[in-house]
Amino acid sequence: MHTMPTVVTGVIGADAHIIGNRIIQKVLEKEGFKVVGLGALTPADDFIKAAIETSAAAILVSSLYGHAELDCDGFRNKCEEAGLQNILLYIGGNLAIGKHDFEEVRKNFKAMGFNRIYPPTVDLGDFVRDLKKDLGLETGE
């Protein structure tokens, strides 16, 4: 049996929508992950500090108020400057204001350095499978 990695979760920027993030935290804990939940209204730098302090394998960013592109501008670069070159970056939620083709949104966040980008309707089972796969963990399937 192996020790599950630590992941950092939170809601970035001025976004106070926390319920979805709490659900994700509970699902990850049930799967055995060590979760550092930063809560709502979290500055980008706090995600990075928490990841460094806990030797986290991934940062999982939530955003529901549509301003994630502004809140996450330069996020990958900040991670790399802090020594987190290989950290997995996931983001999910309502990432843009108004009606957008999600593939266009996904492309924008991919260009910003996020490894996986999810819509607010993501199946959490798929999300957990992706995370385990990206971390090289056996899923038993």
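View 1. C72 counts as buried, at 0% relative accessibility (buried: under 20% relative accessible area; exposed: over 50%; partly exposed: in between; 1.4 Å probe, protein chains only). C79 is also buried, at 0% relative accessibility. The closest cysteine sulfur to that of C72 is in C79, 9.8 Å away, too far for a bond. The count of disulfides comes to zero (a disulfide is a pair of cysteine sulfur atoms within 2.5 Å). The model is predicted: local features need pLDDT of at least 70, side-chain atom pairs count only at pLDDT 80 or more, and totals for chains, interfaces and linings use all residues. Residues are numbered from 1 along each chain as its sequence is written, and side-chain values use heavy atoms, with hydrogens and water left out.

**View 2. Strand β4, covered on both faces.** Six of the six residues of β4 are buried, so the strand is largely enclosed by the rest of the structure (strands are DSSP runs of E, at least two residues; helices are runs of H or I, at least four; both are numbered from the N terminus). L88, Y90 and G92 lie on one side. L89, I91 and G93 lie on the other. β3 and β4 run parallel, joined by six bridges (strands pair if DSSP finds at least two bridges between them). A58 has L88 as its bridge partner in β4. Three bridges join β4 to β5, also parallel. I91 has I117 as its bridge partner in β5. With helix α5 (residues 102-111), β4 and β5 make a right-handed β-α-β unit (right-handed: with the strands pointing away from the viewer, the path from the first strand over the helix to the second runs clockwise).

**View 3. S63 in strand β3.** S63 lies in β3. At 2% relative accessibility, S63 counts as buried. Its contacts include I12, D15, A68 and L95, not counting residues up to four places away in sequence (contact: heavy atoms within 4.5 Å). S63 also touches G92, G93 and N94.

View 4. N86 is found in the loop between α4 (75-81) and β4. N86 is exposed, with a relative accessible area of 75%. N86 and A58 are 28 residues apart in sequence, and their C-alpha atoms are 8.9 Å apart.

**View 5. Helix α6 and its packing.** Helix α6 spans residues 124-134, and its buried residues are F127, V128, D130, L131 and K132. These buried residues pack against β1 (6-11), α1 (19-30), β3 (58-63), β4 (88-93) and β5 (116-118). Just after α6, G136 takes a positive phi of about 70°.
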